[in-house]
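Let's work through some exercises on charged side chains and their pairing. Have the model open beside you and try each task before reading its solution.

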Amino acid sequence: MQKTPHAMILGTGRAVPEKILTNADLERIVDTSDDWIVARTGIRQRHVAAPGSALSDLATEAARNALQNAGVGAEEIDLIILGTVTGDMKFPATACLVQEKLGAKNAVAFDLSAACSGFLYGLQIAEGMMASSGYRRVLVLGAEVLTSMVNWQDRDTCVLFGDGAGAAVLGPSDGGRGLLQTYLRSDGAHSNLLYNPGCGSVNPPTAENVAARLHTIHMEGKEVFRHAVTSMTEALKLVLEREGLRGEDLDLLIPHQANLRIIEAVVKRCKMPMEKVYVNVDRYGNTSAASIPIALDELRRSGDLRPGALVGVVTFGAGFTWAAGLIRI
Ligand code: UT7
């Protein structure tokens, strides 16, 4: 089922906090080792925001870079979609704070909660709203300060995550370039394998709940790993099939950067060479919704992703949510 793209990427941007936490730094905090982290995840370092940092500042910096890259003014933006699970506050939507900081006064702005799938969900929603409601300049962001909800005493999870923001400005497709395919899935049956049980209506942030660290990330890593490999493989194969393509036809694959072993397992099942797969998990760790737009921006700015290139994107996260897409850059 081939489809004509409605939206294409006009520009991208990213921002990460300056401070870097290496595996050696983590060795001083929990019972772990650089060898274990590198062998099991591929992660060597992650950027971490100072405690109390505003996600909206990081997201705004990424957005400004994307607007500049696209040659689009803030007042031209008519829709802002921010994929995040670590907004500045429970409400209002952090997208509204980004709107204010940017001066994007003509935009409709809202947050999107789909964990690591936030950016790809955002792309499809943006394209749908452009097609149905006439929005012409849309800012899609994936941004997280995941370290704000990390339990630094839990070595199973604290070594995995990092902070960052990525942004893309979308405009109407020129007919050939843009979002060729997107495929979104969810399965709430496994919501308790990766979640933050505190801070919500079930476990509000009372002194007892905070002392029990309910406001931090809880994960059954092995189970999540298994589901991630199966679901990402299924999703990527499906979008390729819809265009009559195979893995080797892609110029590049940008997978969600959670764990190098997950990426390698998916790539093997999709019969792609690793040389065509972008990996930066070693430098950033898992930045959830930000991982794909950060990678996209790195690639576009380095010149490794030229206009016309065919890129696959695929992700998996809490919910569970997962998604894949094909983008003609
Ligand atoms: O963004 C999408 C969502 N998240 C993910 O995709 C993450 C998915 N899961 C994973 O990436 C992997 O499951 C982990 C990296 C979290 C864990 O790797 P694993 O190969 O599944 O290890 P494991 O949990 O089975 O643990 C193996 C051993 C255990 O020790 P024993 O029981 O064998 O003695 C753990 O206690 O490794 C131990 N371990 C550690 N050792 C040193 C767990 N964490 C650490 C650590 N340092 N940080």
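**Exercise 1.** Classify Arg 185 by relative accessibility: buried or exposed, or partly exposed?

*Solution.* Start with the cut-offs: buried means under 20% relative accessible area, exposed over 50%, and partly exposed in between (1.4 Å probe, protein chains only). Arg 185 has 32% relative accessibility, so this residue counts as partly exposed. Keep in mind that this is a predicted model, where local features need pLDDT of at least 70, side-chain atom pairs count only at pLDDT 80 or more, and totals for chains, interfaces and linings use all residues. Residues are numbered from 1 along each chain as its sequence is written, and side-chain values use heavy atoms, with hydrogens and water left out.

**Exercise 2.** Find which side chain meets Arg 185 in a salt bridge, and say where the two residues lie.

*Solution.* First, the criterion: a salt bridge is a side-chain nitrogen of Lys or Arg within 4 Å of a carboxyl oxygen of Asp or Glu. The partner is Glu 234, at 3.5 Å from N to O. Arg 185 belongs to strand E8 (residues 178-186) and Glu 234 to helix H8 (residues 221-242), so their pairing ties together parts 49 residues apart in sequence. Glu 234 is also partly exposed, at 32%.

**Exercise 3.** Work out how Arg 226 and Glu 223 are placed in helix H8.

*Solution.* Their side chains form a salt bridge of 2.9 Å, N to O. Three residues apart in helix H8, they are separated by about one helical turn.

How values were computed:
Helices (H or I, at least four residues) and strands (E, at least two) are DSSP runs, numbered from the N terminus.
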